[in-house]
Amino acid sequence: NLHKMLAKGREQELLVQPGDGSANDYTVDLVFVLDLTGSMAPFLNVAKSQIISVARKMAEEINKNYSRVSVKIRVAIVGYRDICDEKKISAQNFVADSEEGRAQLERWLNAQVAKGGGDIPEDVTGALDYAIEKLDWKSRAKFLVLITDAPGHGPLNDDPVDISCSQNPEIVVKKMIEEKRKIDFIFCPLIPSATKTMEKFFERVYNEKEDSENGGVRKLIVENMVSNEYKGRSVARYHFIFVLDESGSMSGEWSNLLKAYNNFISVRKDDQGIEDYMSVVTFESVANEHFRYKKIKDAQRSLRYRSGGTCFRPALNKAIEILNGCPERNFRPVLIFMSDGENGDGDVSDILRSAYKKHPNLIAEFIAFGAANPYLQTMASACGGRYSRCLDPHQLVNKFTTIASQTREMPGLTNAIAQKISDAAATKFMIDHL
């Protein structure tokens with residue numbers, strides 16, 4: 001296929017810059033449009049580290065096979081969030097694929113974090129329009145790579161009442177196939193089942209126009225960024241069950257505990273975990289249920305403090321009752337048990353062993369606040385959980401934040417991104433245009 005394309009001289013028609021006088025100097029404009037919302041946290045660091053290597057690998061692969069070809073690649077990145085976010089678009093305009101250019105891209109990428117987004121759909125249309133209209137495109141070979149795990153607003157998702165597009169999606173997509181632009185569009189979904197409607201929309205609009213240079217219709221390229229075992233999966237959802245000590249010894253620390261608890265809620269909301277469930281039980285000598293099965297976005301922020309003794313068994317029994325009764329069977333349960341004291345009603349490992357047997361996907365965190373707590377260590381061992389110790393309020397806030405962040409990840413996807421971006425994408429570019 002490569003020899004056929006070269007025989008047609010297609011690479012010169014697309015890539016040679018007018019006026020540089022050399023048929024062996026090729027330039028390519030490569031733009032990444034990257035979702036920066038909270039749900040991208042599991043993928044973002046790997047995606048950031050691989051983006052720079054794509055251009056380098058493109059040049060290396062071409063030069064390896066065609067030693068007389070000098071490839072010059074310019075790279076730009078547009079990061080986006082949602083309409084509701086304060087900073088909707090962040091962008092790095094084109095830089096050369098040189099040591100200085102790569103350093104500039106790295107600085108920009110390292111400053112980006114996954115946060116915000118609110119609801120599931122994002123401002124994909126606004127990001128595409130910004131990339132098309134605002135960046136300094138120059139080459140005749142133009143590529144735009146969209147990397148996301150979520151659909152855009154309006155006709156890009158399945159919600160019939162969502163009409164909050166910042167731009168008209170059809171008009172924006174058609175800009176890429178205008179005669180003056182001719183941008184090759186590569187769509188890289190991270191969770192294909194979540195973006196299938198958007199993919200079909202892109203295909204319908206982008207593929208409709210005849211392209212004489214390409215011998216037919218200019219085609220959208222779809223490169224799934226996940227292995228086959230993850231295709232069809234939706235975003236992971238969780239049911240967080242808090243079991244928090246409100247005994248007398250916590251009287252001076254209750255406000256600090258609430259700070260950690262509220263920070264947890266904020267992190268989950270920022271990471272698009274607003275549809276996750278929460279249930280909260282506090283305990284002294286008896287268990288006190290505050291609420292069960294509330295979505296994170298509706299979770300109660302204030303928890304009444306009562307004081308009393310320290311008995312684990314009633315609280316655990318209540319937590320397991322809540323766990324067993326969860327109406328969403330596909331939500332993964334996460335038990336977060338925190339205490340600063342010794343248990344007054346003996347070994348409770350039997351409750352946890354039974355729960356773990358029934359719910360083998362249970363994630364269990366046991367947090368000792370202050371002194372080491374052998375009771376919690378034993379409990380963690382009984383159900384494959386994790387024991388940790390927080391010496392002060394600052395560590396407690398950090399621990400709750402870590403738990404909120406770690407449950408964002410869908411295992412196995414990050415390696416798939418690294419593999420696909422550096423290998424499949426670069427190879428696709430080379431095959432299609434050289």
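I will start with a term: buried means under 20% relative accessible area, exposed means over 50%, and partly exposed is in between, with a 1.4 Å probe and protein chains only. This is a predicted model, where local features need pLDDT of at least 70, side-chain atom pairs count only at pLDDT 80 or more, and totals for chains, interfaces and linings use all residues. Residues are numbered from 1 along each chain as its sequence is written, and side-chain values use heavy atoms, with hydrogens and water left out.

By that cut-off, phenylalanine 337 is buried, at a relative accessible area of 0%. Phenylalanine 312 also counts as buried, at 0% relative accessibility. What angle do the ring planes of phenylalanine 312 and phenylalanine 337 make? The planes are at 70° and the centres 5.0 Å apart, so this pair is edge-to-face. For the terms: rings of Phe, Tyr and Trp (its six-membered ring) pair if their centres lie within 6.5 Å, and planes under 30 degrees apart count as stacked, over 60 as edge-to-face and the rest as tilted. The pair links distant parts of the chain, with phenylalanine 312 in helix α9 and phenylalanine 337 in strand β12 (residues 332–339), 25 residues apart. Helices (H or I, at least four residues) and strands (E, at least two) are DSSP runs, numbered from the N terminus.

A search of the whole structure gives 16 aromatic pairs. In another of them, phenylalanine 283 and phenylalanine 312 have ring centres 5.6 Å apart and planes at 85°, so they too are edge-to-face. Here strand β10 (residues 277–283) is linked to helix α9 (residues 312–324), across 29 residues. Phenylalanine 283 is buried as well, with a relative accessible area of 0%. Elsewhere, ring pairs join Tyr238, Phe240, Phe242, Tyr261, Phe264 and Phe400 into a cluster.

Now the cores. A nonpolar core is a set of buried Ala, Val, Leu, Ile, Met, Phe, Trp, Tyr and Cys residues joined through side-chain atoms within 4.5 Å. The largest has 32 residues, and those with the most contacts inside it include Leu30, Phe32 and Ile147. Elements giving two or more residues to this core include β1 (25–35), α3 (41–65) and β2 (70–80). Of the contributors, α3 gives the most, with 9 residues. Apart from this core lies another, of 31 residues, among them Trp254, Leu257, Val267 and Phe369.
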